[in-house]
Amino acid sequence: MGKHLFRSSPPQEKQTAHQSLAETAVQECMSDITTVISKWTSSSDEFLFSTNSRSEAEEFVEVVRHLHSTMHRLVAVNPSSEKLIYAQNLMQSAMNLLESEFHRVLKENKQYLHPESVSLRSCRSSRRFSTSTVTSISDSEDEGGGSYEENPAAADEHRFSGGDSDAMDDLKMIADCMISTGYAKECVKVYKTVRRSIVDETLHSLSVERLTLHQIQKMDWEILEPKIKSWLQAAKLAVRKLFFGERILADHVFSSSTNIVEASFTDITQEGALTLFAFPEHAAKIKKLSPEKMFRFLDMYESLANLFVEIESIFYFDSAAAVRSQVINSLAKLGDAVRFMMSDFETAIQKEASKTLIVGGGVHPLTRYVMNYLSFLADYDESISVIFENWQLTVPSPLPESLFISGGGDDAHPEDLYSSPVSKRIAWVILLTLCKIDGKAQPYKDVALSYLFLANNLQYVVVKVRSSNLRLLLGDDWVVRHEGKVNQYAEKFEKLAWGKVLTSLPENPAEEITPEEARALFARFNDEFEAAYRKQISWVIPDPNLRDRIKISLSQKLMLVCTEFYEVNRFGLGGDAFNARYTPEDVGNYLSDLYFGSRGSGSSSTTTGSGSGTGSTTTGKSRGGRSH
C-alpha cells in the first residue's frame with residue numbers, strides 16, 4: 001500500500017512545480033519590463049531606441065519575447081492564473097512603447113530612410129532583384145552573379161554601409177518583436193501610414209498628377225508635352241529610387257514575414273505606381289495625334305521598355321499584378337499610337353502636292369523634312385523594331401521605273417531587299433519620297449536643271465543615311481547603290497548643262513586649222529560658255545562634296561581641251577588671242593564661282609534664268625587675274 005501511495009503523489013507535485021516555475025518566470029519578465037517602461041515613458045528627452053541606449057533596447061526586446069513565451073507556458077499549465085491578466089496588460093504596455101518608438105524612428109529618420117537614400121546605399125554593391133527567383137538577389141558585379149535563395153532582405157542586410165544604419169536595424173528589431181508576439185497588425189499599420197505619405201510626397205515632388213483620361217484628352221499639346229517631359233524624368237526616378245528604395249526597406253524591416261513585405265509594399269506603392277504608369281496609356285489615346293508628336297511617345301515607350309525588367313522585379317508579388325499589367329497596357333497603347341502616326345506620316349508624303357519649283361534646283365523641303373524625321377526615328381531603333389515587328393507593309397504598285405537603282409530590277413524593292421520590318425518600312429518611306437521628288441523634277445523647263453535637282457535631293461538622302469543610325473537599318477549596300485545613282489544624275493547633268501560647251505572645241509586641239517576656223521571656234525566657245533555660265537549662275541549644289549566632285553569633273557574636261565586649243569592657236573590669231581574672251585584661267589575662275597546659288601563676286605552684271613535662255617551677261621577680263 002505504501003508503494004502505491006509513493007507512485008501516485010509525484011504527478012501532482014510536478015504540476016505544482018511547473019506552475020510555480022512558469023509564474024516565477026512571468027513575474028521576473030514583468031519586473032524587468034516594468035522597470036524599462038517606467039524609465040522610458042517618464043523621460044521626454046531620451047528615447048529607448050537611440051545610440052546611447054541601444055543595448056538596453058535590445059535587452060528590452062529580448063525580455064518582451066521571453067515574457068511572451070513564458071505566458072504561453074503558463075497558459076499551458078495554469079490557464080486561470082491571475083498573473084496572466086497582469087502579464088497581458090504589461091505586454092500591451094510594452095507593445096504601446098514599441099509602437100511609439102517604431103513610429104518615432106520612421107518619422108525622425110525620414111532623410112536616412114528616404115527611398116532615394118535607401119536605393120543609393122543599396123546600389124553601391126551593384127545588386128538588383130533577380131527576375132528568375134522572386135526571393136533572390138543577384139550580384140551583377142561584386143560577386144559574379146551569385147544569388148541568395150531566401151528573402152531578399154536577409155541577403156541584403158550587409159549592404160547598408162555609410163551613414164547611421166541603426167535606424168533600419170531598429171525598425172527591423174521592433175518589427176520582428178511585434179510580429180513574433182502577435183502585434184503585426186499594429187506594426188504594419190504604423191509603417192503603412194508613414195511610408196505611404198512619403199511615397200505620395202515624393203511623387204508629388206516629381207510632378208506626378210492623378211489625371212483622368214478625359215482630363216488628358218482635353219489638354220492642348222502645348223500643355224500635354226511639358227507633362228510628358230516631366231513624366232520621363234519622374235518615371236526613371238520613381239522606379240529606380242522611390243519604388244526600389246521602398247522595396248528594399250520593406251524587405252529589410254519585415255524580413256521575418258514575406259506576406260507582410262508583400263502586403264505593406266503593395267499597399268504603400270500600388271496607387272502611386274498605377275497613377276504613374278497609366279499616364280502614357282491615357283496620353284496615347286489623345287485624339288489629335290500627328291507625326292510631329294511621335295517622338296514624345298517614343299520617348300515614353302523607350303523609357304517604359306527600359307524600365308520594364310526592373311518594374312517586374314520590384315513589383316513581382318501576385319498582389320502587384322495590376323501594376324505590371326498597367327505597364328504592359330501602356331506599352332501596347334504607345335505602340336498603337338506610334339504606328340498610327342507613322343501611317344499618317346506616310347500618307348502625308350503621298351498627299352504632298354506642292355507645285356513650287358525650288359530655285360536653282362536645290363534640296364526640296366519635303367526631302368529635308370522626311371530625312372530629318374527618319375534620322376530621328378532611327379535613333380529609336382530598338383523601340384521601333386518591337387513596335388513595327390508584326391506590322392504589315394502595303395506597297396502600291398507599279399512604282400516609277402526610274403527609282404530602281406538597277407534600272408528596273410526587283411532587287412531595289414524594299415519588300416525584296418529586307419527581312420526586318422523596320423528596315424523595310426524605312427526603305428519604303430525613302431522610296432516613296434524619292435518618287436515624289438522624281439515627279440517634282442518634271443516641271444523644270446531645263447532638263448539639266450531637273451537632273452541637278454534630282455542629284456541634290458538624292459545626295460541629301462544619302463548623306464543623312466550615311467551619317468545617322470539609318471545606315472545600320474538600311475546597310476552599306478543601300479548607301480553604295482544610291483551613291484551610284486547620284487553619280488548617274490550628276491553625269492547626266494554635266495552632259496546636258498555643258499555638252500555644247502565641250503563640243504564647241506575640236507576633240508583634237510592640236511590639229512592644224514586655219515586662223516579663220518580658229519576664230520570661229522573661239523567665237524562659238526565664247527558664246528556657249530557664256531550662255532552656260534549665265535544660265536547656271538543661280539543654280540545651287542548645297543552639298544560641298546557633290547559640288548566639288550562636279551566642279552573637278554567639269555574642270556578636268558573643260559580645262560584640258562580649252563588650254564591646249566588656246567595655247568596652239570592664240571598666236572595664229574594675232575598674238576593677243578583677241579577673239580578669246582575667256583582664257584583658260586578665266587574659265588577656271590568662273591567655274592569656281594558656280595553652284596553657290598548666287599552670282600560670284602567680281603562679275604559686273606548678270607541676268608539669270610532657270611532654263612529660259614533669255615537675258616544678257618556682260619563680263620570682263622578683270623576676273624582673269626584671280627586664282628582659284
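This section describes a helix contact, the nonpolar core and the aromatic pairs of a predicted model.

Two packed helices are described by the angle between their axes and the distance between the axes. Helix α7, which spans residues 166–180, packs against helix α10, residues 221–253, at an angle of about 50°, and the two axes are 8 Å apart. Helix α7 is therefore oblique to α10. On the α7 side, the contact is made by M168, D169, L171, K172, A175 and D176, and these residues meet L249, H252 and V253 of α10. By residue type, the contact of α7 with α10 comprises 5 nonpolar, 1 polar and 3 charged residues.

In soluble globular proteins, nonpolar side chains tend to be buried together. In the predicted model, the largest nonpolar core contains 168 residues. The residues with the most contacts inside this core are F102, F254, F297, L374 and W498. Among the elements of the structure, α10 gives the most to the core, contributing 16 residues. When neighbours within four places in sequence are left aside, W498 is in contact with F493, F529, A532, Q536, L554, L558, L591, L594 and Y595.

A pair of aromatic rings is described by the distance of the centres and the angle of the planes. The structure holds 25 aromatic pairs. In one of them, formed by Y191 and F254, the ring centres lie 4.8 Å apart; the planes stand at 80°, over the limit of 60 degrees, so the pair is edge-to-face. This pair links distant parts of the chain, since Y191 belongs to helix α8 (residues 184–205) and F254 to the loop between α10 and α11 (258–284), 63 residues apart. Y191 is buried, with a relative accessible area of 0%, and F254 is likewise buried, with a relative accessible area of 0%.

A second pair is formed by W498 and F529, whose ring centres are 5.9 Å apart and whose planes meet at 45°, so the pair is tilted. Because W498 lies in helix α20 (residues 476–503) and F529 in helix α21 (residues 515–536), the pair ties together parts that are 31 residues apart in sequence. W498 is buried, its relative accessible area being 0%; F529 is also buried, with a value of 1%.

Aromatic residues also occur as a group. One aromatic cluster is formed by F243, F265, F277, F315, Y316 and F317.

Conventions:
Residues numbered from 1 in each chain as written. Predicted model: local features only at pLDDT ≥ 70, side-chain atom pairs only at ≥ 80, totals over all residues. Heavy atoms only, no water. Axes fitted to C-alpha atoms, helices over the stretch in contact; angles between N-to-C directions. Helix = DSSP H or I, 4+ residues; strand = E, 2+ residues; numbered from the N terminus. Parallel < 35°, antiparallel > 145°, perpendicular 65-115°, else oblique. Contact = heavy atoms within 4.5 Å. Nonpolar A, V, L, I, M, F, W, Y, C, P; charged D, E, K, R; others polar. Core = buried A, V, L, I, M, F, W, Y, C linked by side-chain atoms within 4.5 Å. Buried < 20%, exposed > 50% of the residue type's maximum accessible area, 1.4 Å probe, protein only. Phe/Tyr/Trp six-rings, centres within 6.5 Å; stacked < 30°, edge-to-face > 60°.
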